[in-house]
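Have the sequence and the 3D view ready.

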Amino acid sequence: MADYGHEPLLGTFLTPDAADPGGVIERARATERAGLDYATFQDHPYQARFLDSWTLLNWVAAATERLRVAPNVLSLPLRPPAVAARAAASLDLLSEGRLELGVGAGAFWDGIAAMGGRKLTPGQAVGALGEAIDVMRGVWDADARGGVRVDGEHHTVLGAKRGPRPAHDIGVWVGAYKPRMLRLTARKADGWLPSMAYADEAALIEGNRVIDEAAAEAGRDPREVRRLLNINGAIGARSAGFLQGPPEQWVEQLLPYVLEHGFSAFFLATDDPGQIARFGEEVAPALREAAARERAAAGTAVGGRTSTASAARRGGIDYDAVPDGLRDAAVEPGDREYPRVRHNYMRPGAPGLVLRPATADQVGEALLYAREQKAPMAVRSAGHGISGRSVGDGDVVVDLSALDGVEVLDRRSRTVRVGAGARWGAVAERLAREGLAVSSGDHGGVGVGGLATTGGVGWMSRSQGLTIDRVRAVDAVLADGTQVRASQDENPDLFWAMRGAGGNFAVATSFEIEAAEVGDIVFADFAVDAARTPDVLRRWGAAVEAAPREATSFLMLLPARGGQGPLARFQVAYAGDDVEAAKRALEPFLDVGPVLDQQAVLTPYPAVLVAPHGPHTGGGGEPVMRSALVEHFTDASAAGLARVLSSGQTMAVQIRAVGGAVNDVAPEATAYAHRHQNFSVAALGALAHAPALDAAWEGFLPFTDGMYLSFETGSGPGLLERAFPGPVLERLRELKAVYDPDQVFDRNLPIPPADRTA
């Protein structure tokens, strides 16, 4: 006997009548008009008098606006679970999260056999349904690496592609009555969905007992399994029968099922429009009100966390104090969505709380709340960061991914507004419709906020400059929650600092950027034998510096391994669709070294930013990266970098061309002051071998001049001075004392504020 504290849900259980398809849709619309939550439909595809339920669910979802839908229940013996999962995810996306999935092992075996199904013993049915649920959850887990693998007795899926990910966590409700199936429900499902037509009150009480015990044995809080019930009755004159009287009698009779038996969802089996209206307009609100009144009197928490989820909370965080406006945007350890938000793309993480504000006001609330906690705070935009500074262990993470808007403000001036949580691949797609583009990194999954406050070395840097060079204004939230706008005319000091060191000063929420006119570009890819690595570096560097500004090149050096010598792969993006001019620009790159492969295409700019967006899954080790800037690849600097490559301590060396328009900007114009170097160099290694990589990198540093902040994962002494030349660092320290004297933003190579008392 228990009240599990779920908000009551009410809906209809409609007949999918093939003789009156329009009437079925109208009854679903009537369900929505009556204020009910769900329309559900039985699934017996072997019955010629019934519409196919899956087709019907799609039609109903399209014909309504807020009504949620569910099969009641889906006959899984006739629907391959991987296919059913993908169909469910598709409908959930199209309906914006309005699907739940009632499932069953099939009750009418003669019909199932007639459709090609195989009759199972009760034990086999339990195993088959459990395997099917595993398959479906595997398909929905789009962020996990590798394909879905379930090698079961009844379902074998070996490497099926995952996804798409549903719009929300689809609840799996099992329609079952027997003890073994109830125990499966307790272990794997989100809800139990029996019918009063097949189970009396005593059977429901016993079913609850079995589920509660089995859930506890499986380490789950029984509240994790919602109890739902199909009911029959007629709203009318008072009668001695159960659910056969006026609305107040229905409330009187259903209320104990909520407060004593733990049922919190009721689906009325009826096709009568009058009954639908009275159930939604008279019974449902009265039942909700009565349950709320009784719960308040008893002190019963509604919608609280389960004990399993609460046990996963981390120390130093007052979870109950999360602002009301952020509660729906908060993800804790123990929440089903937590695995999706705990890591970023490059690094595993274990934050104590992830807040996902959707407005600048909410960003301010999140910052003020986070400052009051004893846990560290981190900010992340779209979650690509290689440094791992935005996924700290036990941190309160302010995740900006909901601030992902992309808007063209003025096509004539090419001014666009981009949310800090957007990804550059999505930005490129949106702007391409207007014939515009912003040079912005080389990976579509990179977040706007991190790149547009640090620098932004992209495929068109030599013609457009860094991303920060195109920023015209920044909307931001300061450490005290104040919203500010920074531009040349408003808060110009902050505007200067936000372009190159923004992570130390405020949380950027959006950027106004001057885009460039860009149509198709020529994109070439080369593979070169790098056995003579210094020669390859010198020739490639010379080709880059001699190339017209329309050509920007990125090079990756891969060390010798597996009997194969070192390899250089580099791309050249020519920012224009003049194929003949592009050919002339590309020809010198054929002399970089012995060419193993080459190709060039005329392609839309967004095509070169296509990249996976899923987060890290926590496996595969943690990367480290060391960063430096180089003016020219001389004999000495090329030989020094070749030694890093051959040291055995790096997985790859990446070099991105800057120069050109990047160096047109005066060093003092932005906090990124490195305006004479032509190349950004980064060595990628594994965390376990970081000391050895550092030793190899030290030998190369004498040939370098500065550092690009986004490609550095270290935190040792001297890094700030390499990232920010002396006068720049002093100015930043002065501004830090003004805008963030308490050093709230201290994760991205923290800049100490100037001592104003000295």
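Ala 476 stands opposite Val 484 in strand E20. Strand E19 (residues 471-477) and strand E20 (residues 483-487) pair in the antiparallel sense over five bridges. Here, strands are DSSP runs of E with at least two residues, helices are runs of H or I with at least four, and both are numbered from the N terminus; two strands pair if DSSP finds at least two bridges between them. In the hairpin of E19 and E20, five residues separate the strands, and Gly 481 takes a positive phi near 90°.

This is a predicted model, in which local features need pLDDT of at least 70, side-chain atom pairs count only at pLDDT 80 or more, and totals for chains, interfaces and linings use all residues. Residues are numbered from 1 along each chain as its sequence is written, and side-chain values use heavy atoms, leaving out hydrogens and water.

Now for the rings. Rings of Phe, Tyr and Trp (its six-membered ring) pair if their centres lie within 6.5 Å; planes under 30 degrees apart count as stacked, over 60 as edge-to-face and the rest as tilted. By this rule there are 18 aromatic pairs, including these two:

| Pair | Centre to centre | Between planes | Type |
|---|---|---|---|
| Tyr 177 and Tyr 198 | 6.3 Å | 65° | edge-to-face |
| Tyr 708 and Phe 711 | 5.0 Å | 65° | edge-to-face |

Buried means under 20% relative accessible area, exposed over 50%, and partly exposed in between (1.4 Å probe, protein chains only). Tyr 177 is partly exposed at 37%, and Tyr 198 is exposed at 64%. Tyr 708 is buried at 2%, and Phe 711 is buried at 15%.
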